[in-house]
Amino acid sequence: MLTVSNVSKTYGGKRLFEDVTTTFDAGNRYGLTGANGAGKSTFMKILAHDLEPDRGEVTRPARSRLSMLHQDHYRYENDRIRDVVIMGNQRLWQAMVEKDQLLAKGDAMSDDDGMRLGELEVVVAEENGYEAETESARLLTGLGIPPAQHEAPLRALDSGMRLRVLVAQALFGDPDILLLDEPTNHLDLDSIRWLEGFLQNYKGVLVVISHDRHFLNKVCTHIADVDYENIIVYPGGYDEMMQQKIEFRLQSEKSNASKQKKILELQDFIRRFGANAKKASQAQSRRRAIEKIDMVDLKRSNIQRPFIRFEVKRPSGKLVLEVDKIGKSFDGQVVLKDVSFTLTRGDKLAIIGPNGIGKTTLCRLIARQLEPDRGKLAYGHETTCGYMPQHHEEGVSKQDHKTAFEWLYQWDEKSSVQEIRGLLGRMLFPSEDADKPVKALSGGETARLLMSKLTLTKDNLLVLDEPTNHLDLESIRALTEAMQKYEGTLVFVSHDQYMVQEVATCIVELRGAAGCDFFPGQFDDFLIKSGRGAN
């Protein structure tokens with residue numbers, strides 16, 4: 001159990017939350033949600049005692065073990081991958097290291113060393129250390145790191161795969177309290193599904209931050225929502241929380257309106273008869289009645305939702321894209337081989353597959369940012385393509401000295417200043433942020449600026465590579481709806497399973513040197529046909 005008592009925190013002059021009191025109970029899995037900048041990561045650090053609150057305290061049972069996902073992989077880059085995972089249980093790891101040091105003495109071991117060795121064996125047994133290598137291998141494999149790499153140093157992996165190792169480290173050893181900040185970052189869909197299953201069977205206290213709506217719905221039994229300078233815990237997953245939150249807000253607004261109407265009626269009586277001696281007592285009674293009316297304090301929500309709409313300036317022909325046995329290699333290594341499919345007007349194609357399999361390469365080929373080494377890739381009649389890269393600096397250079405307004409204006413100089421500023425406002429750029437230099441924009445702001453460009457260019461083929469990167473849940477919901485309503489042809493890569501389920505009308509699963517599989521249908525049907533079952 002984690003107990004939060006009267007916790008308050010202000011950061012950078014902004015009050016994040018005030019007098020938060022709640023408990024996180026064992027057996028429950030809590031999603032920590034809120035807008036970007038609302039204070040989710042700050043609250044998580046307070047729970048872990050990595051950050052002190054301004055007031056209040058967080059307590060947990062004395063002998064409980066807390067594990068938190070730390071994303072500083074440079075700390076472990078020279079350590080063996082398997083060992084990095086076992087380090088998730090520091091008591092066990094320290095005992096194993098000291099045990100190996102004593103055993104290395106051989107015949108030079110003293111009686112005291114022998115006694116200490118016995119004590120260490122007890123610690124190893126208590127922490128289930130004899131199963132440590134097996135458990136670490138199970139976690140790593142489930143998260144997509146093959147056994148052949150488990151003995152390599154962490155530096156042998158790229159940054160995305162290193163973060164998977166740190167997720168395994170946090171999960172290792174069945175901690176009593178598990179704190180995970182964006183654990184699905186850099187996980188492919190299969191690894192996310194594995195993690196969902198693992199966490200559904202977890203028996204301790206889980207608190208997880210995620211911008212993946214499907215993940216929160218599948219894993220969480222409760223949602224702790226950071227909003228209105230408070231943290232309110234709702235039963236159920238994310239969708240249930242949103243429904244309860246909206247209903248509570250509407251009821252509160254309706255109640256306040258009714259109370260305000262009553263106050264106005266009482267004030268009107270006082271104004272008309274307050275000076276009348278015969279009705280003075282009645283007027284005074286109404287003044288007391290006004291004082292007793294308790295209005296609900298409706299603070300402003302942190303949540304803001306952009307208005308995203310992708311339109312088509314001119315429809316394409318029926319045949320939009322033909323991909324025929326294309327291949328691409330880098331430095332002699334085959335990334336794509338014999339990839340073939342055809343898209344017609346209105347198709348919405350999700351490209352899936354494990355990390356590093358070539359999804360971004362295929363997006364760049366379709367967007368004509370790269371040329372294939374072999375095969376044919378051709379647009380149909382009147383096809384125009386808009387592209388949102390996974391790495392935003394490919395679309396918005398941080399060396400660019402333009403403001404957000406100036407950068408966006410260059411894509412449609414026929415638009416008026418008011419139209420461009422109106423678009424930026426709908427995409428959550430108030431006037432002062434519209435005049436920020438693009439190099440100073442956050443990841444979420446840069447993503448919204450790139451989407452703003454696509455609303456201006458109005459292409460009939462959109463290629464979106466991981467468009468949810470850096471977006472909060474409300475922005476992802478708005479983007480998903482915009483993709484559903486888009487009347488052109490769409491190609492996208494996303495690890496957000498809800499987006500893939502709701503948007504895709506066909507699937508391409510990349511298999512590296514083995515080519516690809518094209519499935520003309522929705523994602524749930526694809527999972528069933530491929531033997532993975534709908535999730």
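These are my notebook entries on a predicted model of one chain.

**Ground rules.** I number residues from 1 along each chain as its sequence is written, and my side-chain values use heavy atoms, with hydrogens and water left out.

**Whole chain.** I looked up the secondary structure and found 18 helices and 18 strands. Helices (H or I, at least four residues) and strands (E, at least two) are DSSP runs, numbered from the N terminus. The C-alpha atoms fill a box of roughly 105 × 80 × 45 Å along the principal axes. Of the 535 residues, 50% count as buried. Buried means under 20% relative accessible area, exposed over 50%, and partly exposed in between, with a 1.4 Å probe and protein chains only. I then looked at contacts (heavy atoms within 4.5 Å). Among those with a separation of 6 or more, 68% join residues 24 or more positions apart.

**Helix α9.** This helix covers residues 238–273. I read 36 residues and a reach of 52 Å from first C-alpha to last, close to the 52 Å expected at 1.5 Å a residue. The expected span is 1.5 Å times one less than the number of residues. I listed its buried residues as Y238, M241, M242, K245, S252, N256, I263, L266, F269, I270 and F273. They pack against β3, α8 (213–219), β8 (222–227), β9 (230–235), α10 and α16.

**α9 against α10.** Helix α10 takes in residues 280–292, and I get an angle of about 150° to α9, with the axes 9 Å apart. Axes are lines fitted to C-alpha atoms, for helices over the stretch in contact, and angles run from 0 to 180 degrees between N-to-C directions. The pair is therefore roughly antiparallel; the label applies over 145 degrees, against under 35 for roughly parallel, 65 to 115 for roughly perpendicular and oblique for the rest. From α9, the contact uses I263, L266, Q267, F269, I270 and F273. From α10, I noted Q282, A283, R286, R287, A289 and I290. I sorted the contact residues into eight nonpolar, two polar and two charged. Here Ala, Val, Leu, Ile, Met, Phe, Trp, Tyr, Cys and Pro are nonpolar, Asp, Glu, Lys and Arg are charged, and the others, Gly among them, are polar.

**Helix α16.** How many of the 13 residues of α16 are buried? I count 10, which leaves the helix mostly covered. The helix runs over residues 473–485 and reaches 19 Å, close to the 18 Å expected. Its buried residues include L473, E474, S475 and I476.

**Loop residues.** I checked H470, in the loop between β15 (461–465) and α16. H470 has a positive phi of about 75° although it is not a glycine. N128 is likewise not a glycine, and its phi is positive at about 55°. I place N128 in the loop between α4 (111–126) and α5 (132–142). At a relative accessible area of 45%, N128 is partly exposed.

**G37.** Is G37 buried or exposed? I find G37 exposed, at 51% relative accessibility, in the loop between β3 (29–33) and α1 (40–47). Leaving aside neighbours within four places in sequence, G37 is in contact with K14 and L16. I also noted 14 Å between the C-alpha atoms of G37 and S475, which are 438 residues apart along the chain.

Conventions: Predicted model: local features only at pLDDT ≥ 70, side-chain atom pairs only at ≥ 80, totals over all residues.
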